[in-house]
Amino acid sequence: MNKRLERKIRYGMVGGGPGSFIGNVHRMAAALDGEIELVAGAFSSDPEKSRQRGEEWFLDPNRVYGSYQEMAEKESSLPLSERLDFISIVTPNHTHYEIAKTFVNANFNVICDKPMVNTVAEAEELVNLVREKNQYFCVTHNYVGYPMVKEARHLVRRGKVGNVRKVVVEYQQGWLANLIEATGSKQAIWRTDPQQAGVSSCIGDIGSHAENLVEYITGLKIKSVFADLTTFVEGRLLEDDASVLLRFNNGAKGVLLASQICVGEENNLNIRVYGDLGSLEWHQEEPNKLWIKYSDRPSELIRRGNDYVGGYNTSYFTRLPAGHPEAFIEAFANLYRSFARTIRAWHESRVPELKDFDYPKVEDGCRGVIFIHKVIESGKTGKWVDL
Ligand code: NAI
C-alpha cells in the first residue's frame, strides 16, 4: 500500500489583491471541498496591498510577500514538510508568462488563469518548459468544470447526436458597451490595453473560453477560422466584437460569436451542437440543464443531480441534490479538486484517476493562445487562417 498523504494540498496565490475579481473566486473554489488550503501569496504588485490581503485572509505574515519573485525565492527554500504543492496565477494577462516561468522553473505545479500567456512563442515555450520540468499545469478554462458540460461531452462521445455537422457557440457580454475604461474601471482598463491584454480584448477574454468549450464538448479541433472583428466603442484600441466562422477537422462547420458590447447581456455563454442524429444545447446562465433534441421525438431537458444523468463521471462532479442550483464556483472547484487530487496521487506514488486528470492543461492553454492570434490575423487580413 502506498503511504497516504495526511494533510491538505497547499497553495500560494499570485494576484487576487484588494478590489480584484477572479482571485477571490479561485480562493473560494479551492476551499470548497476542504482538501486544499491557501498558505502563501504575493497578492498585488503593491507590497502594502499584498500585506493587507494577507491580513484579510488570516495568513501567516511570514508567507505574504511584496513580489512574486520574493515569494518564489523564499518558498523554494522551504523544507518539503512546508513546501507549496502548487501556485495559482490570477494576475492580468501580460504578467502570466514571467510568473508561470519563474514558478515552473522552481519546480512548482501551477494553475494559471486564461489566456495562458500573450504570445504564441511564450505559449510554446511554456509547454516545453512544463514538460521538461515534469510539473502539473492547469489553465482555468473553467466552463469545462460544469457537470452538464461533462455530460454533453459524454453524450457526444457516446454517439447520441451522431456525427457533428454544425456548432454554434456564443459568449455575449454588454459590460464594455461604453468607454468605461476611461472612468477608472480597473478590470476594463487592462482588458482594453494592448500592453496588458495582448493582441485582443474580446476574443482573448471570452472568445477563448468559447473555443475551449467547443473543442471539449465535441472532441473536434478547430482547423481554420474566418473572422469579422469590430471596435464599436470609439477611443478603444482593441476589438470589442467578433463574429468568427469555424471549420473543424471532421468537416463540421461552426460559428463563434463573442461580444462585449451587447447591451443587456451578462455572461451569455451558450453552445448548440448539431449532429446528424440529434443536437445538444447548454447555457452557462442556466448551467444545471442540458437540452437534447431529436428529429423523431420530443426534446428532452435533463437536469443535473438526477440519477438519470448517468454520464461518465458526471455525478462525481456534482455536489448537491437536483433542484439546488450549482454554478460558477462549483465548476471552478471541480478544476481545483481535480488538480489537487492529481497532485495528491503524485505524493502517494499513485497514477491519478482519469476523471481527475480531466482539467485543461498547458497544451489547451497554448491552443487557446494560438486561436486568439489566428482570429486576429484573419480579422486583419480578411482571409481564412489555419490553426
Ligand atoms: P483584476 O484586475 O481584478 O485583478 C488582478 C490582480 O492581480 C490585482 O489584485 C493586481 O494587483 C494583481 N497583480 C497585478 N500584477 C501583479 C504582480 N506582478 N504580482 C502580484 N499581483 C499582481 O483582474 P481579474 O479580472 O481578476 O483577472 C485576472 C486574470 O484572470 C486575467 O488573466 C483574466 O483574463 C482572468 N480571468 C478569468 C476568468 C475566468 O472565468 N476564468 C474571469 C475573470 C478573469
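**Entry 1: helix H2**

I began with Arg51 and Glu48, which are 3 residues apart in helix H2 (residues 47-56) and therefore separated by about one helical turn. The model is predicted, and I kept that in mind throughout. The side chains of this pair meet in a salt bridge, 2.5 Å from N to O. Is either end hidden or open? Arg51 is partly exposed, with a relative accessible area of 39%. Glu48 is partly exposed too, at 43% relative accessibility.

**Entry 2: Arg350 and Glu348**

Next I looked up Arg350 and Glu348. Their side chains form a salt bridge at 2.9 Å, N to O. Arg350 has 36% relative accessibility, so it counts as partly exposed. Glu348 has 9%, so it counts as buried, the limit being under 20%. I then looked for shared partners: salt bridges join Glu48, Arg51 and Glu55 into one network.

I asked how many salt bridges the rule finds. The count comes to 24. Arg319 sits in the loop between strand E13 (300-303) and H10, and Asp33 in the loop between helix H1 (22-31) and strand E2 (36-42), so this pair ties together parts that are 286 residues apart in sequence. The two side chains meet at 2.8 Å, N to O, in a salt bridge. Arg319 is partly exposed at 24% relative accessibility. Asp33 is partly exposed as well, with a relative accessible area of 27%.

**Entry 3: the two domains**

I turned to the division of the chain. Domain 1 covers 9-143 + 333-361, and domain 2 covers 146-321 + 367-386. Their C-alpha centres lie 25 Å apart. In contact are 31 residues of domain 1 and 31 residues of domain 2. How much area do the domains bury between them? I noted about 2600 Å², with 51% of it on carbon and sulfur atoms. Three residues of domain 1 stand out: His141, Tyr143 and Lys355 supply 30% of the area this domain buries against domain 2, more than any other three residues.

I then went through the polar side of the interface. There are 3 salt bridges between domain 1 and domain 2. The rule also finds 17 residue pairs in polar contact across the interface, both residues at pLDDT 80 or more. Which elements give two or more residues to the side of domain 1 that touches domain 2? They are H5 and helix H10 (328-347). H10 gives the most, with 5 residues.

**Entry 4: helix H5**

H5 called for its own look. Its 14 residues (120-133) should span 20 Å at 1.5 Å a residue, and the end C-alpha atoms are 20 Å apart, which agrees. The buried residues of H5 are Glu122, Ala123, Leu126, Val127, Leu129 and Val130. I asked what covers them. The cover includes helix H4 (96-105), strand E5 (137-139) and helix H11 (362-381). After H5 comes Asn134, and its phi is positive, near 60 degrees.

**Entry 5: Thr183**

Last, I looked up Thr183. This residue is placed in the loop between strand E6 (164-172) and helix H7 (186-191). Is Thr183 buried or exposed? Its relative accessibility is 64%, so Thr183 counts as exposed, the limit being over 50%. The side chain of Thr183 reaches the backbone oxygen of Ile180 at 2.7 Å.

How values were computed:
Residues numbered from 1 in each chain as written. Predicted model: local features only at pLDDT ≥ 70, side-chain atom pairs only at ≥ 80, totals over all residues. Heavy atoms only, no water. Helix = DSSP H or I, 4+ residues; strand = E, 2+ residues; numbered from the N terminus. Expected span 1.5 Å × (residues − 1). Buried < 20%, exposed > 50% of the residue type's maximum accessible area, 1.4 Å probe, protein only. Contact = heavy atoms within 4.5 Å. Domains from an automatic or database assignment. Buried area = accessible area lost by both parts, 1.4 Å probe. Salt bridge = Lys/Arg side-chain N within 4 Å of Asp/Glu carboxyl O. Polar contact = N/O pair within 3.5 Å; in protein donor to acceptor, adjacent residues only side chain to side chain.
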